[in-house]
Amino acid sequence: AYMEEDDPDYASLLYSKGLDHAWLALSENCDLSSDRDISFNEFELLVPSIGPDEVPAALWVSTCWAQYISLHLDQTSVMRGIPKVQVLLDRVIELDETYFEGMPHIMAGSLHSFKPKMMGGDTEASAASFAKAFAISGNSFQLSRFFYARYYSYRMMDLALFTETLEGIINAEPVAGDPYRLLNTIAVKKSLQLLDEADDL
């Protein structure tokens with residue numbers, strides 16, 4: 001997350017490594033194959049074997065995979081992973097939608113925004129997912145609002161919403177004893193960078 005704007009190639013490598021580690025943890029404790037390249041039909045049949053104890057690994061598989069895809073939207077071979085990420089996120093949401101401050105909904109909202117319409121991109125579904133994430137995390141988890149600006153507001157080409165959301169992150173009052181201080185600090189840094197690019201975007 002910290003490297004995406006400055007060095008997207010390195011960020012891509014880190015997401016790929018994170019995906020490898022998370023997939024190993026997940027596949028060791030459910031029926032999913034160690035091979036991510038299995039067919040979607042086979043993948044979909046095995047996803048229900050993921051139980052509550054596997055929520056963390058399943059979420060980080062989804063997150064790393066989705067963010068890796070977001071950096072390679074020009075590559076058809078990479079985008080073929082989108083349906084698998086979607087069905088995995090649906091399972092995580094079914095098991096524990098509140099995990100990590102509503103991160104399953106944050107990623108679902110992002111995915112609905114950045115995936116092409118022909119692959120099921122849906123801005124209404126994106127807005128609904130982000131609304132659920134905000135209801136879970138309140139105003140204390142700024143990454144949810146950053147992803148909302150970066151993916152949903154951008155997809156809608158809504159400059160006012162884009163600017164208002166990013167400025168809200170930048171001007172947010174620090175929370176005493178914030179357990180997400182590092183991630184919120186990263187969100188502020190990324191928001192400043194993204195705001196500078198508003199006209200170009």
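**Questions about helices, burial and salt bridges**

Student: Which helix is Tyr10 found in?
Tutor: Helices (H or I, at least four residues) and strands (E, at least two) are DSSP runs, numbered from the N terminus. Tyr10 falls within residues 8-27, the run labelled helix H1.

Student: What kind of model is this?
Tutor: Residues are numbered from 1 along each chain as its sequence is written, and side-chain values use heavy atoms, with hydrogens and water left out. Local features need pLDDT of at least 70, side-chain atom pairs count only at pLDDT 80 or more, and totals for chains, interfaces and linings use all residues; this is a predicted model.

Student: Why does Tyr10 count as partly exposed?
Tutor: Buried means under 20% relative accessible area, exposed over 50%, and partly exposed in between (1.4 Å probe, protein chains only). Tyr10 counts as partly exposed because its relative accessibility is 39%.

Student: What is the area of the nonpolar surface patch that includes Tyr10?
Tutor: Patches are made of residues with over 30% relative accessible area and no salt bridge, joining like charges within 9 Å and nonpolar side chains (Val, Leu, Ile, Met, Phe, Trp, Tyr) within 5 Å. Accessible areas come from the Shrake-Rupley method with a 1.4 Å probe, and for residues only the protein chains shown count as cover. Tyr10, Leu13 and Leu14 make up this patch, with an area of about 270 Å².

Student: How many disulfides does the structure hold?
Tutor: A disulfide is a pair of cysteine sulfur atoms within 2.5 Å. By that test, the number of disulfides in the structure is zero.

Student: How far from Cys30 is the nearest cysteine sulfur?
Tutor: Cys30 is in no disulfide. That nearest sulfur is the one in Cys64, too far for a bond. The distance between the two sulfurs is 16 Å.

Student: Is Cys64 buried or exposed?
Tutor: The relative accessibility of Cys64 is 12%, and Cys30 has a value of 12% and counts as buried. At its value, Cys64 also counts as buried.

Student: How many salt bridges does the structure hold?
Tutor: Side chains of opposite charge can pair when their charged atoms come close. The cut-off for a salt bridge is a side-chain nitrogen of Lys or Arg within 4 Å of a carboxyl oxygen of Asp or Glu. The count for this structure is six.

Student: How many residues apart are Arg150 and Glu4?
Tutor: These two form a salt bridge, with their closest N and O atoms 2.5 Å apart. The pair links distant parts of the chain, with Arg150 in helix H8 and Glu4 in the segment before H1; the separation is 146 residues.

Student: Which residues does Arg150 touch, leaving out those up to four places away in sequence?
Tutor: Arg150 is buried, with a relative accessible area of 17%. Contact means heavy atoms within 4.5 Å. On that basis, Arg150 touches Glu4, Gln67, Leu71 and Leu194.

Student: How far apart are the closest N and O atoms of Lys190 and Glu4?
Tutor: Lys190 lies in helix H10 (residues 181-196) and Glu4 in the segment before H1, so this pair ties together parts that are 186 residues apart in sequence. Both residues are buried. Lys190 and Glu4 form a salt bridge, the closest N and O atoms being separated by 3.5 Å.

Student: Which residue forms a salt bridge with Arg91?
Tutor: Arg91 is found in helix H5 (residues 82-96). The N to O distance is 3.2 Å, and the partner is Glu94.

Student: Is Glu94 buried or exposed?
Tutor: Arg91 is buried, with a relative accessible area of 14%. Glu94 has a relative accessibility of 58%, so it counts as exposed.

Student: Which residue has its backbone oxygen 2.7 Å from a polar atom of the Arg91 side chain?
Tutor: Leaving out residues up to four places away in sequence, Arg91 touches Val47, Pro48 and Ile50. The backbone oxygen lying 2.7 Å from the side chain of Arg91 belongs to Ile50.

Student: What is the C-alpha to C-alpha distance between Tyr154 and Phe114?
Tutor: Tyr154 is found in helix H8 (residues 142-156) and is partly exposed, at 38% relative accessibility. Tyr154 and Phe114 are 40 residues apart in sequence, and their C-alpha distance is 9.3 Å.

Conventions: A polar contact is a pair of N or O atoms within 3.5 Å; within protein, one must be able to donate a hydrogen and the other to accept it, and residues adjacent in sequence count only if both atoms are side-chain atoms.
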